[in-house]
Amino acid sequence: MKWDEMRQSQNVEDVRGSRRVGGGTVAGGLGLGGIIIAVIASLLFGLDPSQVIGTMSGGAPAQQQGQSAPINDQDAAFVRAVLGDTEDVWNSVFQKQVGQAYRAPKLVLFSGATPGACGTAQTAAGPFYCPVDEKIYLDMAFFQAISAAAGPDADFARAYAISHEVGHHIQNVLGIMGQVQDLQRRSDEVTGNALSVRLELQADCFAGVWGNSTAKRGYVSNTDLTAALNTASQIGDDYLQKRSRGYSSPETWTHGSSAQRVKWYKQGLSTGDIRQCDTFSVQNP
Ligand SMILES: [Zn+2]
């Protein structure tokens with residue numbers, strides 16, 4: 001993936017090294033949250049968990065209070081490049097397909113934990129989008145572990161994680177997220193989960209729309225795209241539930257099955273058209 005040719009975003013807030021919030025760090029620099037993330041990362045990329053945990057402990061030193069954040073390192077440059085490229089692509093897509101200007105999200109790079117409008121962001125939560133402050137929260141230990149253990153092949157899979165969160169921002173800007181949250185407040189749990197699945201699948205489709213543009217411009221290869229689809233096929237609720245407890249209950253799904261995630265990512269990837277990402281009007285997404 002030729003990310004070093006992408007424009008670097010100015011919307012990354014690097015708060016690594018600022019004062020920690022709460023505890024959670026054990027000897028060796030890796031808290032329980034970090035271990036959970038390491039195990040998830042291992043699942044995603046077929047790696048040995050102990051290798052990833054070792055990399056996270058050694059590669060992401062525990063933050064000391066007052067220590068300044070490392071600047072201009074490769075991982076931060078990667079995040080700035082991917083976010084910058086999503087800004088360029090979504091600017092153009094909004095102009096052509098929505099008829100309004102795109103409002104870009106901020107991305108907070110943190111380590112350990114950081115306060116935010118949606119509560120304290122922690123490594124255990126994985127990357128997430130907060131609609132209140134319109135920020136994506138991303139823990140760098142996770143990214144460093146993936147790249148150190150899986151190498152450059154993991155780049156597009158890491159980019160997929162960012163572009164999925166950007167997808168949630170698009171839903172927020174378009175008012176879809178607010179509508180879904182209103183509906184969820186008035187629904188029972190099973191209906192609420194089904195709405196959550198449609199929301200997540202749409203974010204996957206939007207991530208694919210960005211992928212469509214990167215592929216057209218020659219920034220990603222077929223190998224990169226296969227890696228991203230492989231990631232999508234390993235983060236479906238059925239796959240993760242079966243893997244963790246031996247069976248899967250569709251009514252508890254909140255992100256969709258692996259097949260659904262691959263299908264909607266491909267839908268965005270092949271069309272580059274957000275109108276093809278309407279996961280809400282189809283009967284079976
Ligand atoms: Zn999501």
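This is a predicted model: local features need pLDDT of at least 70, side-chain atom pairs count only at pLDDT 80 or more; totals for chains, interfaces and linings use all residues.
On the side of α3, the contact is made by Val-79, Val-82, Leu-83, Thr-86 and Trp-90, which meet Ala-159, Ile-162, Ser-163, Val-166 and Ile-170 in α5. Sorted by class, the residues in this contact of α3 with α5 are eight nonpolar and two polar, with no charged residues.

Helix α5 also packs against helix α8 (residues 222-233), where the two axes come within 8 Å and cross at roughly 55°. That angle makes α5 oblique to α8, and the crossing of α5 and α8 is right-handed. The residues that meet here are Phe-156, Ala-157 and Tyr-160 from α5 and Asp-224, Ala-227, Ala-228 and Thr-231 from α8. Within the contact of α5 with α8, five residues are nonpolar, one is polar and one is charged.

A further helix pair is formed by α7 (residues 189-216) and α10 (residues 258-271), which pack at an angle of about 35° with their axes 6 Å apart. The crossing of α7 and α10 is right-handed. From α7, the residues Leu-201, Asp-204, Cys-205, Phe-206, Ala-207, Gly-208, Val-209, Gly-211 and Asn-212 take part, and they meet Gln-260, Arg-261, Trp-264, Tyr-265, Lys-266, Gln-267, Gly-268, Leu-269 and Thr-271 in α10. The contact of α7 with α10 is made up of eight nonpolar, seven polar and three charged residues.

These helix pairs belong to a protein whose secondary structure comes to ten helices and six strands. Of its 285 residues, 44% count as buried. Among the contacts in the protein with a sequence separation of 6 or more, 76% are accounted for by residues 24 or more positions apart.

When residues up to four places away in sequence are not counted, Val-82 touches Trp-3, Met-6, Ala-159 and Ile-162. Ser-111 is placed in the loop between β2 (106-110) and β3 (113-114), and it counts as buried because it has 26 C-beta neighbours inside 10 Å.

The segment after α10 contains Ile-274, which counts as buried because 21 C-beta neighbours lie inside 10 Å. Leaving aside residues up to four places away in sequence, Ile-274 touches Val-93, Gln-97, Phe-206 and Val-209. The C-alpha atoms of Ile-274 and Cys-205 are separated by 7.8 Å, while the two residues stand 69 residues apart along the chain.

Gln-74 lies in helix α3 and, having 12 C-beta neighbours inside 10 Å, counts as exposed. Its C-alpha atom is separated by 9.4 Å from that of Gln-144, a residue that is 70 residues apart from Gln-74 along the chain. Leu-240, which is placed in helix α9 (residues 237-245), is partly exposed, because 18 other C-beta atoms lie within 10 Å. Leu-240 and Ser-257 are 17 residues apart in sequence and 9.2 Å apart in space, taken from C-alpha to C-alpha.

Most residues other than glycine have a negative phi. Phi of Glu-134, however, is near 55°, a positive value in a residue other than glycine. Glu-134 is placed in the loop between β5 (128-130) and β6 (135-139), and it is partly exposed, because 15 other C-beta atoms lie within 10 Å.

Key:
Residues are numbered from 1 along each chain as its sequence is written. Two residues are in contact if their C-beta atoms, placed from the backbone, lie within 7 Å. Helices (H or I, at least four residues) and strands (E, at least two) are DSSP runs, numbered from the N terminus. Ala, Val, Leu, Ile, Met, Phe, Trp, Tyr, Cys and Pro count as nonpolar, Asp, Glu, Lys and Arg as charged, and the others, Gly among them, as polar. A residue is buried if 20 or more other C-beta atoms lie within 10 Å of its own, exposed if 12 or fewer, and partly exposed in between; C-beta atoms are placed from the backbone. Axes are lines fitted to C-alpha atoms, for helices over the stretch in contact, and angles run from 0 to 180 degrees between N-to-C directions. A crossing is left-handed if the near helix is turned anticlockwise from the far one by less than a right angle, and right-handed if clockwise. Angles under 35 degrees count as roughly parallel, over 145 as roughly antiparallel, 65 to 115 as roughly perpendicular and the rest as oblique.
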